[in-house]
Amino acid sequence: MRRPRKGAQSPPAARHPRKKPTMQAILTERGIVRATLAGIPKRDRADVEQAALMGAWMAVKNGRYRPDPRVEPRAAMRAWLHGIAWRQAAKYFASAWIRHTVLHAQPLGLLREPVGPSLEAQLQAREVLAALAELPSWQVEALLIVDAPETLAEYARQHGLNPHTAASRLRIAREALALKLRRWRR
């Protein structure tokens with residue numbers, strides 16, 4: 001005696017012929033993947049989207065994309081990608097990283113012993129940030145050039161400045177920041 005099948009009422013996918021869409025065809029339907037992953041925080045959404053697209057591509061390469069020939073090809077592709085994205089989202093929410101992440105306003109305060117920047121260093125950093133907020137934008141930009149991977153001369157060339165002008169702006173910005181910090185500490 002045969003048991004009645006549970007689940008989908010269509011024949012199993014193995015009975016349908018294999019299809020090999022290109023990666024470009026998969027990427028054109030990327031919107032359905034993004035819409036499916038809308039509930040995932042923005043900081044992790046791109047990673048989960050990449051996992052879904054790579055999972056789809058690997059399934060195509062391994063011959064596991066077998067859409068029903070009676071269904072319109074674009075609708076079949078969208079439904080298939082929606083299922084892959086949905087499963088990747090489920091894996092994301094079930095992962096230990098998400099289950100154990102607890103956001104806290106002062107995470108260093110939860111530790112038993114001091115780790116990371118000392119309280120004094122945190123206060124100094126806040127003073128510098130407050131002083132930076134009061135500077136004009138061109139001075140803040142000049143100060144941030146120092147930390148950029150490009151040299152000051154490359155920055156000046158990209159922005160149509162004389163290298164000496166860029167160096168002068170950096171010097172003026174450093175002096176202005178030092179003056180603001182002296183005033184803050186009084």
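A salt bridge (a side-chain nitrogen of Lys or Arg within 4 Å of a carboxyl oxygen of Asp or Glu) connects the side chains of Arg70 and Asp68, with an N to O distance of 2.8 Å. The structure is a predicted model, in which local features need pLDDT of at least 70 and side-chain atom pairs count only at pLDDT 80 or more, while totals for chains, interfaces and linings use all residues. Residues are numbered from 1 along each chain as its sequence is written, and side-chain values use heavy atoms, with hydrogens and water left out.

Accessibility was classed as buried (under 20% relative accessible area), exposed (over 50%) or partly exposed (in between), with a 1.4 Å probe and protein chains only. Arg70 is exposed at 66% relative accessibility, whereas Asp68 is buried at 17%. Salt bridges with shared partners also join Glu29, Arg74 and Arg78 into one network.

Across the whole structure, the search finds eight salt bridges. One of them pairs Glu49 with Arg30, whose closest N and O atoms lie 2.6 Å apart. This pair links distant parts of the chain, 19 residues apart: Glu49 belongs to helix α3 (residues 42-61) and Arg30 to helix α2 (residues 30-36). Helices are DSSP runs of H or I with at least four residues, numbered from the N terminus. Glu49 has a relative accessible area of 9% and is buried; Arg30, at 32%, is partly exposed.

A further salt bridge is formed by the side chains of Arg43 and Asp44, at 3.6 Å from N to O. Here Arg43 is exposed, with a relative accessible area of 52%, and Asp44 is buried, at 14%.

Notes. Helices (H or I, at least four residues) and strands (E, at least two) are DSSP runs, numbered from the N terminus.
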